[in-house]
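User: Can you walk me through this complex? I want the interface and a few strand pairings.

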Amino acid sequence: MAGRTPRQAVENYLDPIRKSIGCITPAYVTHSKGGRDLVGHQHSLVVNGGDPIMLGGPAGVSAELSQLYEIIPAENTRSPYKVRTLGYMYTIRDHVDREILGYHWHPAEGNILWPHLHLKHGIGARRREVEKAHLPTGRVAIEDFIRLLILSFEVPPHRPDWEEILAGPQERFERW
Amino acid sequence: MSAESTIETLDPLVHEATREEGWEILERQARKRLRLSAQEYIDRWDSGEFVNGEEHSEALRVAMFLPFVR
């Protein structure tokens with residue numbers, strides 16, 4: 001997402017994320033200080049202060065969502081700033097707070113550079129290899145994760161146009 | 001109020017954390033996931049103590065919150 005100023009680039013980045021999250025929860029989004037202005041600096045973006053978001057529905061799942069991003073110069077002279085996603089962690093927990101699964105990408109930390117999926121004891125499996133595995137995935141957008149929650153974990157959508165909202169901004173992520 | 005504007009009000013608010021709020025977030029997450037204070041977590045993270053340890057996975061989760069204080 002690009003913009004004429006760092007702030008505009010971040011607004012263009014945050015707006016579809018905010019709308020997508022609004023498909024399942026009114027929980028607030030928080031970014032770190034300077035997260036709309038400081039160029040070349042790592043910023044955090046979390047939902048619900050980083051705590052689990054209770055999502056309702058028959059499965060009674062909760063979710064945690066966090067991202068790291070950076071404002072960087074762009075080559076486009078009309079929109080000389082853009083926002084780059086640096087990592088994410090999206091987690092689903094069951095009704096007693098056991099982790100079911102987690103989509104992770106944190107290439108700047110640790111030795112697992114690729115986006116991956118963790119399957120945890122909340123799925124009912126007990127194989128140690130599976131619990132420790134970093135199952136390779138493509139990059140997972142917040143919109144993909146929210147769609148998974150609605151379609152597979154029966155989280156009730158908060159707005160009738162959720163499919164349209166989640167379909168729109170995905171291009172933003174896939175371009176990166 | 002139109003239906004469209006009603007929908008818009010459902011979108012979550014975006015809040016820029018102050019430095020103090022950032023420390024509160026990191027403190028809460030470090031205590032919940034690792035039973036460490038924020039400062040203890042930072043000291044151990046910066047010294048590389050978590051690498052390959054049993055707490056590495058939870059330490060990585062807490063690292064997502066580090067920009068709130070840096």
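Analyst: Start in chain A, where A:Gly102 stands opposite A:His118 in E8(A). This is a predicted model: local features need pLDDT of at least 70, side-chain atom pairs count only at pLDDT 80 or more, and totals for chains, interfaces and linings use all residues. Residues are numbered from 1 along each chain as its sequence is written, chains are lettered from A and ligands numbered from 1 in the order written, and side-chain values use heavy atoms, without hydrogens and water.

User: Which way do E7(A) and E8(A) run, parallel or antiparallel?

Analyst: Antiparallel, with 4 bridges joining E7 (residues 99–105) to E8 (residues 116–119) of chain A. Strands here are DSSP runs (E, at least two residues), helices are H or I runs of at least four, and both are numbered from the N terminus. Two strands pair if DSSP finds at least two bridges between them.

User: What else does E8(A) pair with?

Analyst: Strand E9 (residues 135–136) of chain A, antiparallel over 2 bridges. There, A:His116 stands opposite A:Pro136.

User: OK, the interface. How many residues touch?

Analyst: Chain B puts in 26 residues and chain A 44. Contact means heavy atoms within 4.5 Å. About 2,900 Å² is buried between the two chains, 55% of it on carbon and sulfur atoms. Buried area is the accessible area (1.4 Å probe) that two parts lose on being put together, summed over both.

User: How many salt bridges between the chains?

Analyst: The count is 4. The rule asks for a side-chain nitrogen of Lys or Arg within 4 Å of a carboxyl oxygen of Asp or Glu. One of the pairs is B:Arg33 with A:Glu64, closest N and O atoms 3.4 Å apart.

User: Which elements of chain B face chain A?

Analyst: Those giving two or more residues are H1 (3–8), E1 (14–16), H2 (19–34) and H4 (56–63) of chain B. H2(B) gives the most, with 6 residues.

User: What does E1(B) pair with?

Analyst: Strand E2 (residues 29–31) of chain A, in the parallel sense over 3 bridges. B:His15 is the bridge partner of A:Thr30.

User: Back to salt bridges. How many over all chains?

Analyst: The structure holds 21. Among them is A:Arg7 with A:Asp37, at 2.9 Å, N to O. A:Arg7 lies in H1 (residues 6–21) of chain A and A:Asp37 in the loop between E2 and E3 (42–47), so the pair ties together parts 30 residues apart in sequence.

User: What confidence does the predictor give the complex?

Analyst: An ipTM of 0.89 and a pTM of 0.90. Chain B averages a pLDDT (the predictor's confidence in each residue, from 0 to 100) of 87, and 86% of its residues score at least 70.

User: Where in chain B does pLDDT stay under 50?

Analyst: Over residues 1–9, for which the model has 6 contacts beyond four places in sequence. Where pLDDT is low, the predicted coordinates should not be read in detail.
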